[in-house]
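Hello,

Here is the structure I promised to pass on. Please have a look at it first, and then read my notes below.

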Amino acid sequence: MIRFAPEGRPFIAVAWIVALVLAALGWWLPFVLWLPLALWVPLFFRDPERRWRLGADVLLAPADGRVVQVAEVEEPAFIGAPATLISIFMNVFDCHVNRYPAEGVVAYRQYNPGKFMHAAAEKSSLENEQSSVGLETPRGRILIRQIAGLVARRIVTDHTVGTPVRQGQRLGMIRFGSRVDLFLPRGTRTLVKVGDRTLVGITAVAQWN
């Protein structure tokens, strides 16, 4: 049975109500034109059951998508030190539910309003609407940043500061095209490169030293 994110249920209902009304009225050309959208909306909001690849020594992908950047950067907001950045871009056909790469405690939350530039662009991590979650893990601090995309208009982040979370547990989701940045302590061994595809909660993107 296909599972859907709760945030998507109103959109799915509206898409199919419109389709059924068009069919009932016999407006077949509008129905045929609308049908691909009605089929795509449930696809976008899917939240598939997966066998999470759990392991204290690895960090898992926080998002489905394509790795668009692996770089050494400064991360002053939460890690407070040089960090390794792994950026994953989600197109409109990827699952948009985000999950925690490791177990730990939510120690930092920050929301910043901003622009809605194309999320694959490097400067989107500075200028776009975003929500950051800092996790205190047994191995060190990590930061997950959800970044809105060109047509994204809502970022959902589930947990408040002080919440213990599990590896692979849902973190939230971003609606309609976006990007997730994962900041790790400098020196953490990366297991992916630019161009690689990731599966949320399954692909090991880095390994603790």
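What follows is a short tour of the salt bridges and one surface patch.

This is a predicted model, so local features need pLDDT of at least 70 and side-chain atom pairs count only at pLDDT 80 or more, while totals for chains, interfaces and linings use all residues. Residues are numbered from 1 along each chain as its sequence is written, and side-chain values use heavy atoms, leaving out hydrogens and water.

The structure holds ten salt bridges (a side-chain nitrogen of Lys or Arg within 4 Å of a carboxyl oxygen of Asp or Glu). One of them joins Asp 94 and Arg 197 at 2.6 Å, N to O. Asp 94 sits in the loop between strand 3 (81-90) and strand 4 (97-99) and Arg 197 in strand 13 (residues 197-198), so the pair ties together parts 103 residues apart in sequence. Strands here are DSSP runs of E, at least two residues, and helices are runs of H or I, at least four, numbered from the N terminus. Asp 94 is buried, at 4% relative accessibility (buried is under 20% relative accessible area, exposed over 50%, partly exposed in between, with a 1.4 Å probe and protein chains only).

Asp 196 and Lys 193 also form a salt bridge, at 3.1 Å, N to O. Asp 196 is partly exposed at 22%, whereas Lys 193 is exposed at 54%. A network of salt bridges links Arg 3, Asp 47 and Arg 99.

Finally, Trp 27 lies in the loop between helix 1 (9-24) and helix 2 (28-44), and is partly exposed at 48% relative accessible area.

Best wishes
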